[in-house]
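Colleague: Please give me a close look at one part of this model. State each cut-off as you go.

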Amino acid sequence: MAVLDIARMGAQVLRAPAQPVADPTAPEIAQLVADMKETMDAAGGIGIAAPQVRVGLRVAIFEVPEGRTEDGQGWPLTVLINPEWHPLGPEQEEGWEGCLSVPGMTGLVPRFTRIAYSGVGLDGNAIEREAEGYHARVVQHELDHLAGILYPQRMTDMTTLAFTEELRRDAADVPAEALEAE
Ligand code: NI
């Protein structure tokens, strides 16, 4: 395993649509996922997509912390290969997001409240889930990476784009989501 270099906003690999994985069960994909997990943990993130480690493949992982889902249980590590998603209904809500590729910053981003998503795991088995709230937000953020989109491009009120250190200087109660990166 290895901690990989994280591409930051401006890198071409973050702007381009990622390519489908031909064989999700290939050893090199397992190696890539292991390195992504180690890189995410080293950076203190809760999710990461392959383009963020400069690999233009449709692979993303995330881990929703305890206390952040409706049932409080969080989500264990999920590996999504060749994922797709769609909204379940028109409702959107704003929430704070941070990104490992836009370090030190946060902003309010509108996302669909309820979604369905699917993909393939490292074992080649299909994953199909519905998600809402923070879980749905994390999936939309990660899958946007595979489409070459970073969260600032989804923002509708750029006045909320901020350095987290400055928010913390001014307010003790900065939302936890604003301090998490994915
Ligand atoms: Ni991100």
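Modeller: Arg114 counts as partly exposed because its relative accessibility is 36%. Buried means under 20% relative accessible area, exposed means over 50%, and partly exposed lies in between, using a 1.4 Å probe and protein chains only. The model is predicted: local features need pLDDT of at least 70, side-chain atom pairs count only at pLDDT 80 or more, and totals for chains, interfaces and linings use all residues. Residues are numbered from 1 along each chain as its sequence is written, and side-chain values use heavy atoms, leaving out hydrogens and water.

Arg114 meets Glu130 in a salt bridge, 3.6 Å from N to O. The pair links distant parts of the chain, 16 residues apart: Arg114 is in strand β6 (residues 114-120), Glu130 in strand β7 (residues 126-132). Glu130 is exposed, because its relative accessibility is 54%. A salt bridge here is a side-chain nitrogen of Lys or Arg within 4 Å of a carboxyl oxygen of Asp or Glu. Strands (E, at least two residues) and helices (H or I, at least four) are DSSP runs, numbered from the N terminus.

The structure holds nine salt bridges. One of them joins Lys37 to Asp41, with the closest N and O atoms 3.0 Å apart. Both sit in helix α1 (residues 27-43), four residues apart, so about one helical turn separates them. Lys37 is partly exposed at 23%. Asp41 is partly exposed too, at 41%.

Now a buried pair. Glu97 bridges to Arg137, the closest N and O atoms being 2.8 Å apart. Glu97 lies in strand β4 (residues 92-99) and Arg137 in helix α2, so the pair ties together parts that are 40 residues apart in sequence. Both residues are buried. Glu97 and Arg137 also belong to a network of salt bridges with Arg111, Asp144 and Arg154.

His141 is in helix α2 and is buried, because its relative accessibility is 2%. Leaving aside residues up to four places away in sequence, His141 touches Glu97, Gly98, Cys99, Arg111, Tyr151 and Glu182. Contact means heavy atoms within 4.5 Å.

The nickel ion is coordinated by Cys99 (SG), His141 (NE2), His145 (NE2) and Glu182 (O), at 2.1 to 2.3 Å. Donors are N, O and S atoms within 2.8 Å of the metal, or 3.2 Å for Na, K and Ca; water is not among the atoms, so sites may look incomplete. Angles of 100 to 134° between the four donor atoms make the arrangement tetrahedral. In sequence the donor residues follow the spacing C-x41-H-x3-H-x36-E. His145 lies in helix α2 (residues 133-146) and Glu182 in the segment after α3 (164-170), so this pair ties together parts 37 residues apart in sequence. His145 and Glu182 are both buried.

Last, the strands beside the site. β4 and strand β5 run antiparallel, joined by seven bridges. A hairpin connects them through two residues, and Cys99 stands opposite Val102 in β5. Strands count as paired if DSSP finds at least two bridges between them. β5 (residues 102-112) is mostly covered, with eight of its 11 residues buried. β5 also pairs with strand β8 (residues 162-163), antiparallel, over two bridges. There, Met105 has Phe163 in β8 as its bridge partner.

How values were computed:
Four donors count as tetrahedral if all angles lie between 85 and 135 degrees; four count as square planar and six as octahedral if opposite donors are over 155 degrees apart and all others between 65 and 115; anything else is irregular.
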